[in-house]
Amino acid sequence: MMPLAQMAETVLRTADGREKTEVSRGFAAQWRAAREDGSVPEIGTATPPMHPSRPDKPELLSPRDVPRRRPGTPEGRIALLHAVAHIELNAVDLHWDIIARFSHIKMPIGYYDDWVKSADEESKHFNLMCDCLEAEGSFYGALPAHAGMWRAAEDTADDFMGRLAVVPMVLEARGLDVTPGMIKVFKQAKATQAVEALEIIYAEEVHHVAYGSKWFHYLCGRDELDPTPTFHALVRKYFHGNLKPPFNEEKRAEAGIPPDFYWPLAEGA
């Protein structure tokens, strides 16, 4: 079995989305089988690329240049599915990258269990969105996408706590805020396949945010840092702009993020 960090780098260097997620899920299954057998596999080290390999399509545009479409139309719903697929593919890479890029920092084995599980689930989410797009006569890559998705990874490439603060605890927590609205759009359109896929994503994303919070608090405890002001300082350093309410306070609390973490960083605070 390949060391985990090398598995992570292999995923990052795989370009095609469906192939990337197949490799990701295969490695996650190997890891899970070894752990269920009572093994503690080798973590190893890696030299991950600053930017993961990507397919030729979609065309990546500045956020302000990505066309906006009304979600109440069939074209708008396809655009929404495409945007979610793009987010999920980036999430696959983000979760493997947090293993590969920080493999030199000693962490408990449970840390790796959590992020391998998350990467596996994000791979499933990407494929669910691709299946929904294909059922609508489209595909991932048919529309332009947001070029800024990897910026948080670049900004925190040398800051482990910064990565945990910004990616799961800000970006993925934002998913908890907006996904119920997306589910409502597809329910109104009676798009059952999309509703079922988004409900799976919504349920599982809570755990990914929770893993970020758990390991952020672990590092704060290890370094004798107060978590709340440490989180605020890291988000102000690495996140561009204020956090946008309304917040899904119930799901954020379920994921271990209390209101005093995010409200002081909100617009108008």
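Which residue takes a positive phi just after helix 7? In this predicted model, Glu224 does, at about 55 degrees. Residues are numbered from 1 along each chain as its sequence is written, and side-chain values use heavy atoms, without hydrogens or water.

Helix 7 covers residues 192-222. Helices are DSSP runs of H or I, at least four residues long, numbered from the N terminus. The expected span is 1.5 Å times one less than the number of residues.

Ala255 sits in the loop between helix 9 (249-254) and helix 10 (259-262). Ala255 is buried, at 3% relative accessibility. Buried means under 20% relative accessible area (1.4 Å probe, protein chains only). Beyond four places in sequence, Ala255 is in contact (heavy atoms within 4.5 Å) with Val206, Val209, Ala210 and Ser213.

The largest nonpolar core has 79 residues. Such a core joins buried Ala, Val, Leu, Ile, Met, Phe, Trp, Tyr and Cys residues through side-chain atoms within 4.5 Å. Leu4 is among the members that touch the most others, as are Trp96 and Ile99. Leu4 is also in contact with residues including Trp31, Glu42 and Tyr112.

The whole structure holds 0 disulfides, a disulfide being a pair of cysteine sulfur atoms within 2.5 Å. The cysteine sulfur closest to that of Cys130 belongs to Cys132, at 9.3 Å, too far for a bond. Cys130 is buried, with a relative accessible area of 3%. Cys132 is buried at 3%.

Notes:
Predicted model: local features only at pLDDT ≥ 70, side-chain atom pairs only at ≥ 80, totals over all residues. Buried < 20%, exposed > 50% of the residue type's maximum accessible area, 1.4 Å probe, protein only. Helix = DSSP H or I, 4+ residues; strand = E, 2+ residues; numbered from the N terminus.
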